[in-house]
Amino acid sequence: MQVPLDNKNSGQALAQIVAEQAAPVADVVYYGVTFGLQAQKAGVVDTYKPKHWDDIPAGLKDPQGHWFAIHSGTLGIMVNVDALGGLPVPQSWADLLKPEYKGMVGYLDPSSAFVGYVSAVAINQAMGGTLDNFGPAIDYFQKLAKNSPIVPKQTAYARVLSGELPILVDYDFNAYRARYKDKANVAFVIPKEGTIGVPYVMSMVAKAPHRANAEKVLDFVLSDEGQALWAKAYLRPVRSKMPADVAAQFLPDSD
C-alpha cells in the first residue's frame, strides 16, 4: 500500500477535509494538535484507536480517539550561519528585534500554519503572557514588524537552505534535518527567554472512503517501525525513546 504525498500545512489540511466533508477524498489527516481539536469540533473526523493506543500518554490523545499524537517537536530559532554575513547567531527572541537582522527573520503565518501559531504562543509565554492574555505577543510582533520580517504561508525550509531566509522561527527537527541530512551549516537555538514543545497528531477522516487502509496507516505510524522512522527524521516519537545515536545529535534536554 502506498500513501500519496500531499504536503499541506495544518490549516490547509483542515480546510480541505471541511470543504470535502460531504464526499471525503482523504482518509487520514496529519496536523498540529490545535487543528485536531478544531476538526473534532467541526465533526469532520471519526474515532479510531490504533494499535499501541495505551502507550500514548493521556494528555496526548482524545479519549474517544478523534485524534492522537504521533510525535513532537521543540520550537526555536533555525539559522543558516553562512547567510548571516558575519553577524552573530541570535540567541534570544529579543535578538530578532535588533536592526542588524532587518529583513533576515521569518516566521510562518499563524493564521495558516500550526508552527506559526506555536511561534506566537511560545513568544507570548516567554514574554510573560498566557493563553488568556496575548498582549505580550502582540507587542513583540508589532516590534518585529519594524524589522521587515518574511512571513510565508507554507513551509520555508528550502528558503533557509538557499540563504534567501537566513533566520526562521521553526522546529528543531527541521534544523537537524538541514544540518545532518542536507549537510547545511545550520544552527538551532533555544531562545534564552524560553520556548515550548508541541505534538503533531493524526485523525481518521469522517466517512473515509478507504477506511480499512486508513486503519493500517494509523496503526503503522504508532508501530515500532513507524516510530523509528519519525525518530530518524529527528522527530520525537510519542511512544518510544529516541535512539541514542539520534539523541546525541540534539541539544541536551537541559537546554
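# Salt bridges, aromatic pairs and buried elements

Arginine 159 is partly exposed, with a relative accessible area of 28%; in this classification buried means under 20% relative accessible area, exposed means over 50%, and partly exposed lies in between, with a 1.4 Å probe and protein chains only. The model is a predicted one, in which local features need pLDDT of at least 70 and side-chain atom pairs count only at pLDDT 80 or more, whereas totals for chains, interfaces and linings use all residues. Residues are numbered from 1 along each chain as its sequence is written, and side-chain values use heavy atoms, with hydrogens and water left out.

## Charged pairs

Arginine 159 meets the side chain of glutamate 164 in a salt bridge, at 3.0 Å from N to O. Such a bridge requires a side-chain nitrogen of Lys or Arg within 4 Å of a carboxyl oxygen of Asp or Glu, and the structure holds nine of them.

Another of these bridges joins lysine 153 to aspartate 109, with the closest N and O atoms 2.6 Å apart. This pair links distant parts of the chain, 44 residues apart: lysine 153 sits in the loop between helix H4 (135–145) and helix H5 (157–162), and aspartate 109 in the loop between strand S4 (105–106) and helix H3 (114–126). Here helices (H or I, at least four residues) and strands (E, at least two) are DSSP runs, numbered from the N terminus.

| Residue | Relative accessibility and class |
|---|---|
| Glutamate 164 | 47%, partly exposed |
| Arginine 211 | 29%, partly exposed |
| Glutamate 215 | 25%, partly exposed |
| Tyrosine 180 | 24%, partly exposed |
| Aspartate 109 | 13%, buried |
| Tyrosine 234 | 10%, buried |
| Isoleucine 17 | 5%, buried |

## Aromatic rings

Across the whole structure, 14 aromatic pairs are found, where rings of Phe, Tyr and Trp (its six-membered ring) pair if their centres lie within 6.5 Å, and planes under 30 degrees apart count as stacked, over 60 as edge-to-face and the rest as tilted. Phenylalanine 114 and tyrosine 200 form an edge-to-face pair, with 5.2 Å from centre to centre and 85° between the planes. Phenylalanine 114 belongs to helix H3 and tyrosine 200 to strand S7, so that the pair links parts of the chain 86 residues apart, and both residues are buried.

The rings of tyrosine 180 and tyrosine 234 have centres 5.8 Å apart and planes at 35°, so this pair is tilted. Since tyrosine 180 lies in helix H6 (residues 172–181) and tyrosine 234 in the loop between helix H8 (224–232) and strand S8 (236–237), the pair ties together parts that are 54 residues apart in sequence.

One aromatic cluster is formed by Tyr30, Phe35, Phe114, Tyr117, Tyr171, Phe173, Tyr200 and Trp230. Elsewhere, arginine 177 lies over the face of tyrosine 157, at 3.8 Å from the ring centre; the criterion is NZ of Lys or CZ of Arg within 6 Å of the ring centre and within 35 degrees of the ring normal.

## Helix H1 and isoleucine 17

In helix H1 (residues 10–19), the buried residues are Ser10, Gly11, Ala13, Leu14, Gln16 and Ile17. These pack against strand S1 (28–32), helix H2 (33–42), strand S2 (45–46), H3 and strand S7 (197–205). At the start of H1, a side-chain oxygen of asparagine 9 comes within 3.2 Å of the backbone nitrogen of glycine 11.

Leaving aside neighbours within four places in sequence, isoleucine 17 is in contact with Ala26, Val29, Tyr31, Ala39, Val44, Val45 and Val205, contact meaning heavy atoms within 4.5 Å. Isoleucine 17 and alanine 206 are 189 residues apart in sequence, yet their C-alpha atoms are 8.8 Å apart in space.

## Strand S6

In a regular strand the side chains alternate between the two faces of the sheet. Both faces of strand S6 (residues 186–189) are covered, with Val186 and Phe188 buried on one side and Ala187 and Val189 buried on the other. Strand S6 runs antiparallel to strand S3 (residues 68–80), to which four bridges join it, strands being paired if DSSP finds at least two bridges between them. Within this pairing, asparagine 80 stands opposite valine 186 in S6.

How values were computed:
A polar contact is a pair of N or O atoms within 3.5 Å; within protein, one must be able to donate a hydrogen and the other to accept it, and residues adjacent in sequence count only if both atoms are side-chain atoms.
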